[in-house]
Amino acid sequence: GGATRDRLRIAIQKSGRLSEPARGLLASCGLSWRESRDKLFCYGETLPVDLLLVRDDDIPGLLADGVCDYGIVGRNVLDEVGADRALKGLPQVSKAVRGLGFGGCRLDIAIPESAEWTGPAQLQGSRIATSYPGLLQQWLDANGVEATIVNLSGSVEIAPRLGQADVICDLVSSGATLTANQLKPAVTLMTSEAVLAGPVTPLSDVRGDLASLLLRRLDGVLRLRD
Ligand code: PRP
Ligand code: ZN
Ligand code: MG
């Protein structure tokens with residue numbers, strides 16, 4: 001955990017699918033900011049709540065290190081870090097405190113368009129490319145399948161064509177990326193959406209009061225959006 005601070009710090013995605021909706025949601029909670037020149041830090045004006053603009057995949061680590069107190073991130077990214085910590089026997093430090101109703105997607109295993117899906121057993125002995133090795137390993141274990149996980153941080157969908165893997169396990173939103181790579185969804189490991197991620201243990205200093213205030217406002221905003 002980090003040192004005590006008197007301002008709350010929230011990490012959001014700098015650019016990408018969750019970026020604008022995350023900022024919009026926080027603005028709806030009455031927050032406003034002054035941007036720094038590098039546009040990576042936004043100083044909270046209406047409340048002592050600052051934003052850090054980062055890569056979404058870095059958000060769980062920033063929370064674990066106590067650099068940020070809350071983050072808006074896909075449940076898939078948060079759960080992947082959780083799965084990895086569980087596999088390593090480490091305690092959980094962050095959890096999803098609210099589902100935010102945007103950024104919906106699925107974590108799917110996808111196979112070549114020409115292939116037929118007969119069930120998890122057909123993956124026995126195969127090579128599966130993914131950026132989600134923890135969640136994939138948990139699912140393989142649950143289904144009694146032994147496979148080789150090929151860990152890639154991006155461009156997972158091209159791995160079968162390059163001969164790096166037989167199938168993939170990646171996020172599917174519209175499905176356009178799969179289609180463009182002659183792949184089709186076979187099975188869903190999890191559905192995901194953007195969540196507000198926060199500490200498992202409540203913050204004890206003034207940040208705890210700020211977080212309570214923010215959550216009350218957030219609940220009001222989410223109720224109106226339903
Ligand atoms: C995700 C995922 C796929 C793509 C699928 O990446 O990794 O590449 O979206 O979307 P589609 O089904 O609409 O084509 P994304 O750009 O969201 O994030 P990333 O850069 O963090 O992987
Ligand atoms: Zn990402
Ligand atoms: Mg991607």
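Two strands are taken to pair if DSSP finds at least two bridges between them, and both helices (H or I, at least four residues) and strands (E, at least two) are DSSP runs numbered from the N terminus. This is a predicted model, in which local features need pLDDT of at least 70 and side-chain atom pairs count only at pLDDT 80 or more, whereas totals for chains, interfaces and linings use all residues. Residues are numbered from 1 along each chain as its sequence is written, and chains are lettered from A and ligands numbered from 1 in the order in which they are written.

An open sheet of mixed pairing is formed by 7 strands, in the order β2-β3-β4-β1-β5-β12-β6. Its edge strands, each pairing on one side only, are β2 (33–35) and β6 (94–99). Strands β1 (residues 8–13) and β4 (residues 49–54) run parallel and are joined by 6 bridges; R9 has D50 in β4 as its bridge partner.

| Helix | Lies across | Angle |
|---|---|---|
| α3 (residues 75–87) | β5 (70–74), β6, β12 (194–199) | about 105° to β5 |
| α7 (residues 206–225) | β1, β4, β5, β6, β12 | about 45° to β1 |

Ligand 1 is surrounded by 13 residues (C-beta atom, placed from the backbone, within 6 Å), the closest being L171, S173, S174, A176 and T177. Strand β10 gives the most to this shell, with 3 residues.

Conventions. Contact = placed C-beta atoms within 7 Å. Axes fitted to C-alpha atoms, helices over the stretch in contact; angles between N-to-C directions.
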